[in-house]
Amino acid sequence: MRNLRTYYSANVSDFLNQSESSILGIIHSNDISAETSIQQSNTWRQEVQILKEQFNDFTEGRILFEYTIPRMGKRVDAVFLHKNIVFLLEFKCGDSEYRCSTYDQVYDYALDLRNFQKESHNKLLVPIMISTAAFKIENDIVENERIIEPLRCNSANIAETINAVAARYDEKDFDYTQWENSEYLPTPTIVEAAQALYRGHNVHDITRSDAGAENLTITTDEINKIIEYSKQNHKKSICFVTGVPGAGKTLVGLNIAIERSNAQEGEHAVFLSGNYPLVNVLQEALARDKVEQEKQNGNKLSKKDALRSTSAFIQIIHKYRDSFVGNSNIPPERVAIFDEAQRAWTHEMIAKFMATKKGVTDFPYSEPEFLISTMDRHQDWAVIICLVGGGQEINTGEAGLPEWFDSLRRAFPEWDVYITPELNDNEYRRGRDWNDMVSNLHTYEREKLHLATSIRSFRTPNLAAFIKEMLDVDVEKSKTLLSSIKEKYPIVLTRDLNVAKNWVKNRCQGTTRYGLLASSGGMRLKPEGIFVKNDISVENWFLNGKDDVRSSYALEDVVTEFDIQGLELDYSIVAWDADFRFDGQKWTYNSFVGNKWNVVRSKEKQLYLKNAYRVLLTRARQGMAIFVPNGSNTDKTRKCEYYDKTYEYLKNLGIDTL
């Protein structure tokens, strides 16, 4: 029977007494990949040989090979549990350098275990990078929140380094087997999740299993039941999946798209989004990961070919839509997932686009109606899954949820409509009467289609609620919620951008990702060095490493609500401009045009501006710095009064100041 947690596990004395071939046989038997490369086999052999030699004098401890790090979809080469300390060993066999990438990799393993593995929360974690052919160097043992900063070893001084750490610490006894089988409660980023799902994992493998986030699996199962029912009973169905910001709606959609992508069973699925940055980042991330996976298996794959594959089930919604204009083609997909469905265009918006960009005059549909019509072309069965975020419409021309129901009533009243109780909330209804919205439709309420718990902010489930009350100017509720989260999820306030940058950098280790965010209307942040109109590559910003000035780590390029909606960071700096300012009692809405601020009077545009800040303030998983400039009374566009009351309001809520 395969061991899914680790490929090999034994007490150190048993490991030393067991033959090399027996150990390698066990490792190979637990490897579930279709074909293990010769290179990988040789690497395992070298690791076993080196550790047998290095551990020869150890009589206490337990050794694990290829220990799973579920959230990252990866395995740490070896774990040595010794003297009640967890040593994480990452080998680079034959390498003569200590590389920054390896340093970050093994640091990430330690951070991941500390954050997500129950038995590691209070254990001393010691990441060690082993470049087998490198020169020996002297290590400084520096502890940071129960993690030793990564130590550097070659093949000859591993035991010496382990003994040096063990001699310094007297750790409390713990059960090594219990640690090995500890409950693991991961919360992956959407990029990590997409990569893991694409490699063959499922939602249950890579996400938390506690009651709060179990909802992901429950919702996925409920959608699958609806798909199977529709398939067996020749039904056309549409289901609306709701959830708080960061609850995992996109993750559920990606999981369904991958699970249901088997064209041989006649149910090919596609994940569609109008969010260009999200689609571009996910397609690029999957392609890069696919190339790297093939490289590790000794195969060569161009990124162009990898992108062709990854874009098959993650597509831009507009390209999908346009391929069905002016024809009666039937989609190859039986299951279509529309991400952020509330952002689909109104009839006015899409008709204008079709006339000016496509030469199609008198386009008679709204975007929701046309999208439903494409799936309605199937004669047998079809399922549409709408992933809907409340209070997240951020752009002119976005129809919101009501237009989907209007479209169903107008043209597709025979479709089965699966809803959640939460849809009857003004954030979704946008002022419409709920009974009018669902009248004459075949609606079926399914509570399991709602994701109630944010998994983005794994340190606290209450961030989204706090931001909502803060934006709604409910001071007392905001204070109560903030006091419940600030110990685990730090939020700080400053008027000095460099202070904010240093705070974020000092809190981040390994590849913990941080970046600079601002509203697309934050035009007068430019004197602070923040230019929101700068054209950037979101793929490079979200995916590139610390050595690349185009990446988020450089804190040089800023992204706006349009770039980051649906994505996330570990830590963020949110720069707050005078477009959305507090006057002492309420928020005021402003737009910078030419050389002055104009008051935004349109209720719709006010909603978009408020939602822009809601998006920005809910992007960080682990903590956030809010930067409110001082302004300058010598500049009429940046008067101090434009910023001071916003700063005082946030400070009065109890946000710590720097």
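## Helix H7, tucked inside

Helix H7 is largely enclosed by the rest of the structure, because eight of its nine residues are buried. Here buried means under 20% relative accessible area, exposed means over 50%, and partly exposed lies in between (1.4 Å probe, protein chains only). The buried ones are Ile-190, Val-191, Glu-192, Ala-193, Ala-194, Gln-195, Ala-196 and Leu-197. Helices are DSSP runs of H or I with at least four residues, numbered from the N terminus.

A quick note on where this comes from: the model is predicted, local features need pLDDT of at least 70, side-chain atom pairs count only at pLDDT 80 or more, and totals for chains, interfaces and linings use all residues. Residues are numbered from 1 along each chain as its sequence is written, and side-chain values use heavy atoms, leaving out hydrogens and water.

## H7 meets H11

What angle do the axes of H7 and H11 cross at? Roughly 50°, and the axes of H7 (residues 190–198) and H11 (residues 276–296) come within 9 Å. Axes are lines fitted to C-alpha atoms, for helices over the stretch in contact, and angles run from 0 to 180 degrees between N-to-C directions. That makes H7 oblique to H11; under 35 degrees counts as roughly parallel, over 145 as roughly antiparallel, 65 to 115 as roughly perpendicular and the rest as oblique.

On the H7 side, Ile-190, Val-191, Ala-194, Gln-195 and Tyr-198 meet Val-281, Leu-282, Ala-285, Leu-286, Asp-289 and Lys-290 of H11. Contact means heavy atoms within 4.5 Å.

## The nonpolar cores

The largest nonpolar core has 84 residues, and Ile-385, Met-470, Ile-491, Trp-576, Leu-617 and Ile-626 have the most contacts inside it. A core like this is a set of buried Ala, Val, Leu, Ile, Met, Phe, Trp, Tyr and Cys residues joined through side-chain atoms within 4.5 Å. H11 turns up again here: it gives the largest share of this core, six residues. Leaving aside neighbours within four places in sequence, Ile-385 touches several residues, including Ile-223, Cys-239 and Phe-338.

## Around Met-470

Ser-478 sits in helix H20 (residues 475–485). Ser-478 counts as buried because its relative accessibility is 0%. Not counting residues up to four places away in sequence, Ser-478 touches Phe-466, Glu-469, Met-470 and Leu-653.

Met-470 also belongs to a helix pair: Leu-463, Ile-467, Lys-468, Met-470 and Leu-471 in H19 meet Lys-610, Arg-614 and Leu-617 in H24. The axes of H19 (residues 463–471) and H24 (residues 603–617) come within 10 Å and cross at roughly 150°, which means H19 is roughly antiparallel to H24.

How values were computed: Helices (H or I, at least four residues) and strands (E, at least two) are DSSP runs, numbered from the N terminus.
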